[in-house]
Amino acid sequence: MLADLSELPVATGFTLNVAGTDLLAVAKAGDSLLSAALRGGVRIPHLCRAGECGSCRCRLVTGQVRLKRDISQHVDHQALRQGYLLACQSEALSDLTLEIPGQSPCAEGAGVKALHGQIRSVTALSHDIRQLVVELDSPLHYRAGQYAQLSVPGHADLASAPRCYSFSSAPSAHGCTQVAFYVRHVPGGLFTEWLFAQDRTGESVELMGPLGNLQVRDDDRPMVCIAGGSGLAPIKAMLEELCGRERAPDLTLFLAARSQRDLYCQAELADLQGRWPGPGRLLVVPVLSSEPESSGWDGLTGYCGEHLSSFCSPADSSFYLCGPPAMIDAILRQLQGEVAAEHVHHDRFLDRSSLPAAAPQTTTQSLTEMTV
Ligand SMILES: Cc1cc2nc3c(=O)[nH]c(=O)nc-3n(C[C@H](O)[C@H](O)[C@H](O)COP(=O)(O)OP(=O)(O)OC[C@H]3O[C@@H](n4cnc5c(N)ncnc54)[C@H](O)[C@@H]3O)c2cc1C
Ligand code: FES
């Protein structure tokens, strides 16, 4: 049973069992489940340790935990009732059993794998976004909308500091040995400075995934997607998936960009528009926040949030938001009270500038040690 009781005392030495395995760890007083698991050699995907990224989502099968903070951003009401939690934000109040992605043979996250791969190509899509294609040693199954954690074994810092990137293409039914990502250059960023510095074709990478819960929900509501920068990656994967279906709803895709030079994948989006199965239609709406007045741009300007109600009825729509945390947070604030939380799905593309400084970001264990 899941509880957020603040009254119950935390005893020492509770046992953390991993469902469907003989893996065990011991949770001491004050430990998060994530810390206890990692100390005991039990791998749980994680990034921020601060309840921000959602990577450490697990399911409590038996036992009681205390939640350290509101986790509704990553675990909705229904999932909470089913026992889903964030391991970095939960403390044991009893012995417990957890379903852990990549460890337990459970439904959610059963397919999380640690794989080796090689960079096959890095291609410029815009002045600051590149498509990164990775060839994997064995096929990976994922859902459109999910992401993977990438690390670089040949790089002193990036070997133990994975970064998250969302798959930019819909998966094939038989699994993918080639996966693609859209990576935006972040000045001063460890991974992206490395990737953009020179041709990285042929470099070895390690990938753990799939992770995340972003996916098309079949709720029969018109869809509104808002993509900022490389946030187009998971959205494009979802559009491709919808294009492969017999029916697709009305979908309005807002592209949040500063200026015309930030727009990319326009030909691919036009192709998807042409192939949209209906009965709905796919509408692509770029909104530029800093386009010079002299440029001749005759599209929308300002911020996406200002134009929502011209294109949809927010209260009746399902929202999918991906990209910079500041953009997502602004839209979430705008939708609050008007759109029920269960109809708003998002992935905030956090980087080190948005994580608490004190939170260690990585485990030092090698990805290859993970049991699949
Ligand atoms: C679920 C998820 C999915 C994502 N998907 C994508 C995607 O598809 N495409 C994409 O481009 N990105 C994506 N991201 C973001 C991505 O994981 C990286 O965070 C991003 O690429 C930056 O990585 P980096 O190593 O280059 O920068 P980092 O090393 O993380 O640095 C980022 C910035 O923070 C600054 N910084 C470093 N340390 C500190 C500090 N202590 N305090 C303050 N500032 C600091 C750096 O100077 C730099 O400007 C995703 C993130 C998440 C959580
Ligand atoms: S939410 Fe737990 S590691 Fe990020």
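## Reading this model, term by term

Trainee: What is the place of arginine 49?

Mentor: Arginine 49 sits in the loop between helix 1 (33-39) and strand 3. The model is predicted: local features need pLDDT of at least 70, side-chain atom pairs count only at pLDDT 80 or more, and totals for chains, interfaces and linings use all residues. Residues are numbered from 1 along each chain as its sequence is written, while chains are lettered from A and ligands numbered from 1 in the order in which they are written.

Trainee: What makes the phi of arginine 49 worth a mention?

Mentor: Its phi is near 60°. That value is positive, and the residue is not glycine.

Trainee: How do you know that strand 3 and strand 7 pair?

Mentor: Strands (E, at least two residues) and helices (H or I, at least four) are DSSP runs, numbered from the N terminus. Two strands pair if DSSP finds at least two bridges between them. Strand 3 (residues 57-62) and strand 7 (residues 96-99) have three bridges, so they pair. The sense is antiparallel. Threonine 62 stands opposite threonine 97 in strand 7.

Trainee: What is the order of the open sheet of five strands?

Mentor: The order is 2-1-7-3-5, with mixed pairing.

Trainee: Why do strand 2 and strand 5 stand at the edges?

Mentor: Strand 2 (24-27) and strand 5 (84-86) each have a single partner strand, so one side of each lacks a neighbour in the sheet. From one strand to the next, the twist averages 40°. Angles run from 0 to 180 degrees between N-to-C directions, with axes fitted to C-alpha atoms, for helices over the stretch in contact.

Trainee: Which strands make up the open sheet of six?

Mentor: They come in the order 11-10-13-8-9-12, with antiparallel pairing. Strand 11 and strand 12 are the edges, because each has a single partner strand. Here the twist averages 40° from one strand to the next.

Trainee: How do you know that strand 10 is joined to strand 11?

Mentor: Four bridges join strand 10 (residues 147-151) to strand 11, and the two run antiparallel. Pairing asks for at least two, so four is enough. Alanine 148 stands opposite tyrosine 165 in strand 11.

Trainee: What lies across strand 10, strand 11 and strand 12?

Mentor: Helix 4 (residues 232-243) does, at about 140° to strand 12. Contact means C-beta atoms, placed from the backbone, within 7 Å.

Trainee: What makes the shell around ligand 1?

Mentor: A residue is near a molecule if its C-beta atom, placed from the backbone, lies within 6 Å of it. For ligand 1, 27 residues surround it, and the closest are Gly188, Gly189, Thr192, Asp351 and Ser353. Strand 11 (163-166), strand 12 (176-184) and helix 3 (190-197) each supply at least two residues of the shell.

Trainee: Which domains does the shell around ligand 1 draw on?

Mentor: At least three residues come from each of domain 2 (113-213) and domain 3 (223-352). Domain bounds come from an automatic or database assignment. Domain 1 covers 14-108. The C-alpha centres of domain 1 and domain 3 lie 33 Å apart.

Trainee: Which bonds are cis?

Mentor: One joins glycine 209 and proline 210, with omega about 0°. Proline 210 is in strand 13 (residues 204-211). Another joins glycine 278 and proline 279, with omega about 5°. Proline 279 is in the loop between helix 5 (266-275) and strand 16 (282-288).

Note on methods: Contact = placed C-beta atoms within 7 Å.
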